[in-house]
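I opened my notebook to record what I looked up in this structure, entry by entry. The structure itself goes on the page before my notes.

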Amino acid sequence: MAGLDDLDGLAKLRAIMAALRHPVTGCPWDLEQTFATIAPYTIEEAHEVADAIQREAWGELPGELGDLLFQSVFHAQMAEEAGLFTFDDVVAAINAKMIARHPHVFGSESNQKTAEQQTRDWEAVKSAERGSARVLDGVAMGLPALMRAVKLQKRAARVGFDWPSTDQVLEKLREEMEELVEARETLGPQEVEEEFGDLLFVMANLARHMNVDPEAALRGANAKFTRRFGRIEDWLAEAGRTPSDSTLEEMDALWNRAKAEDKAR
């Protein structure tokens, strides 16, 4: 496209996006997209950023962050076409928000605070911005369910609706496990799903009380399972076999071997 070589950085990216959405010469796929169809890609790209960070794949991170930035540019381009807002409005909004939420940096408040105090102040400013909104308003529905559970619980905790100690959360966890077992034995699939959801919700609360990020913890568990099961496949392949050719007992023994290898590192 003529003129792209004269641009760089964000200006070039915005020009590329405008060209992709040009009603005559643009890309048919890009032209068909809407906020609703692009939103899942936005979520996916955010997860890919988190994945690169989790794996400490620093060489991949610039590309993943670029993909996520492109999502913001895409949404802003569609909004401008619809007369809703522009990319400059997006930038202005985040600039204003960051300045307003950091009076200890951009205002007259002292910056001699702990990170914990600054977090409390941040939440207080956010609460003031919401005004008379209900306590749980504004927790995005599109968040992963586990992450949203933690955010809902944090909101409730700010107004005192929270267990005072981890011991009480653990007691509630035992209670929910018993209810799940009872539902499995005496109730139908819908009730089992509901009790299972209750158990997951309490697990999210336990993570919050123990200062554990449940999403990160589960990502780590997924990675560990993938790694260990891969070792099972490798060892079976050395014997000319596959998991389908082996028994649960054999795979369980190999799993314990992989687990021992992990712990020995």
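**Ground rules.** I am working with a predicted model, in which local features need pLDDT of at least 70 and side-chain atom pairs count only at pLDDT 80 or more, while totals for chains, interfaces and linings use all residues. Residues are numbered from 1 along each chain as its sequence is written, and side-chain values use heavy atoms, with hydrogens and water left out.

**The core.** I looked up the largest nonpolar core, and I found nine residues in it: Leu13, Met17, Ile38, Phe70, Val73, Phe74, Ala76, Met78 and Phe87. Such a core is a set of buried Ala, Val, Leu, Ile, Met, Phe, Trp, Tyr and Cys residues joined through side-chain atoms within 4.5 Å, where buried means under 20% relative accessible area, exposed over 50% and partly exposed in between, with a 1.4 Å probe and protein chains only. I noted that α1 (9-20) and α4 (61-81) each supply at least two residues of this core, and that α4 gives the most, with five residues. Helices here are DSSP runs of H or I with at least four residues, numbered from the N terminus.

**α1 against α4.** I found that the axes of α1 and α4 come within 10 Å and cross at roughly 55°, which makes α1 oblique to α4. Axes are lines fitted to C-alpha atoms, for helices over the stretch in contact, and angles run from 0 to 180 degrees between N-to-C directions; oblique is what remains once angles under 35 degrees are called roughly parallel, over 145 roughly antiparallel and 65 to 115 roughly perpendicular. In contact (heavy atoms within 4.5 Å), I listed Leu10, Leu13, Arg14, Met17, Ala18 and Leu20 of α1 with Leu69, Phe70, Val73, Phe74 and Gln77 of α4.

**α8 against α10.** I then saw that the axes of helix α8 (residues 145-158) and helix α10 (residues 189-209) come within 9 Å and cross at roughly 65°. On the α8 side I wrote down Leu146, Ala149, Val150, Gln153, Lys154 and Ala157, and on the α10 side Leu200, Phe201, Ala204, Asn205 and Arg208.

**Two loop residues.** I looked up Glu56, whose phi is near 55°, a positive value in a residue other than glycine. Glu56 sits in the loop between α3 (35-54) and α4, and it counts as exposed because its relative accessibility is 55%. Phi of Asn211 is also near 55°; Asn211 lies in the loop between α10 and α11 (214-238), and at 73% relative accessibility Asn211 counts as exposed.
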